[in-house]
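Here is a short tour of a protein model for you to follow on screen. Please keep the structure open while you read.

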Amino acid sequence: MRPKPFSCKRTQKLLDDHVDGLLRTADSEGVRAHLEQCTPCDTEAAALRAATASLSVWGDLEPPPDCFEGILARIEALPPDLLESAPHSPALRLLRGGGRWVATSSVAAAAVVFLALSVTTPTEHDAPARTRHTNPVAAGLLSSTGPGLGLRTNGLRTNGLRTGEVRAYRVDDFLRNDGLRRGRTRNELPVSPASFGDALGAGAR
Amino acid sequence: MDLRDPTQLRKVYEANKRGLYNLAVRLVGDRQWAEDILQETFVRAYTRAETFKAGGKVSTWLYRICMNLSYDHLRARKYRAMASLDAPVTSTGDSDGATWSATLASSMPPAVAQVEQNDTEDCVRRLIDELPERERTVVLLRQYHGMTFKEIAEVLGLTARTVQNCLRRAKQKLFFGLKEAGLAPPQAEAPY
């Protein structure tokens, strides 16, 4: 019995598998029956066949016989700490053990706290416009994370403060401008890490 | 599956070496580099064994590593070539802005280039190299590694439908390239 031809849509869906000979017999016959009566689909099938045939020019190659020894030598040469840390890392185990949501929610919580700290904190004193809208603690937090954290998004405005300006309160700048520049070493800085946020605020004022 | 166990590593290597090596050769076009990529693939698999998801197919994971390494290599090579070819030719003492790429462009006689282009294998190689990364990988994995759309989708992190569309686009480009070069079979007409 002659198979019922497929529709154009169905044929197009199965055409690649048909050309590559991966279809079941029943499907293949349905496609073939369609191609016999549909010139556009048949032409397309011929083009696909031509392209596929052209790819047969590349034969398979065997890898060199001593290749595995090379792999073992490379593994031998690896630094030991690279292998010790990775598989036993509790953080990785947590991530792999279905605890991803814990990590995700932690990051989200940290982001919320960070944003809450970095938004407007009304101040009563008459500070310069650039510092008035910045929470020094947030600035301290930001400083430890370095550049590239969300706030430095090239000119987006948050509460009147151009995000690029937050950079003025990075730790490195503080050390350079308010501490080390005066001839002190890092150990002689006038503030302890605990009061760093306050010191930044004072320095900014 | 513990790839830190040398016996298991060897077993996995034996089962996948040919496919991975040939994928690398076809992607980077150089046997020496392909061997290097093959070795690095297994070193990565060894050092990052913990990133392999239990229940997944090792071969799919290895193909993904191998593919990424190959593309890293190609990008680095492209960057190096750009950097070196765009460097000014200073050894001659000229300071008129001539670059190495300019000297290369005129060094090949047109007749030689024509002969090379007419060679089927070179033509197919060139056409495949001209495909975008994703389409090239789909063609290679499908044609030479006999992967189904679903398997390719897993390697590339795409949907099977996207993979099928990629393959169709890639083959259309290949066909037109062959036709332009006069290498398409006469009975096959352009369908588009």
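Chain B of this predicted model has nine helices and zero strands. If you walk along its sequence, the pattern reads α-α-α-α-α-α-α-α-α. Of the 192 residues in chain B, 42% are buried. Now take the contacts in chain B between residues at least 6 apart in sequence: 54% of them join residues at least 24 apart.

| Surface | Area | Share from carbon and sulfur atoms |
|---|---|---|
| Buried between chain A and chain B | about 4300 Å² | 61% |

How many residues of each chain are in contact? On the chain A side there are 42 residues, and on the chain B side there are 50. Three residues deserve a look here: A:Leu55, A:Trp58 and A:Arg74 supply 20% of the area that chain A buries against chain B, more than any other three residues.

Helix α1 of chain A (residues 8–19) packs with helix α9 of chain B (residues 160–180) at an angle of about 70°, and their axes are 11 Å apart. Angles of 65 to 115 degrees count as roughly perpendicular, so α1(A) is roughly perpendicular to α9(B). From α1(A), the contact is made by A:Gln12, A:Lys13, A:Leu15 and A:Asp16; from α9(B), by B:Arg161, B:Gln164, B:Leu167 and B:Arg168.

Key:
Residues numbered from 1 in each chain as written. Chains lettered and ligands numbered in written order. Predicted model: local features only at pLDDT ≥ 70, side-chain atom pairs only at ≥ 80, totals over all residues. Heavy atoms only, no water. Axes fitted to C-alpha atoms, helices over the stretch in contact; angles between N-to-C directions. Helix = DSSP H or I, 4+ residues; strand = E, 2+ residues; numbered from the N terminus. Parallel < 35°, antiparallel > 145°, perpendicular 65-115°, else oblique. Contact = heavy atoms within 4.5 Å. Buried < 20%, exposed > 50% of the residue type's maximum accessible area, 1.4 Å probe, protein only. Buried area = accessible area lost by both parts, 1.4 Å probe.
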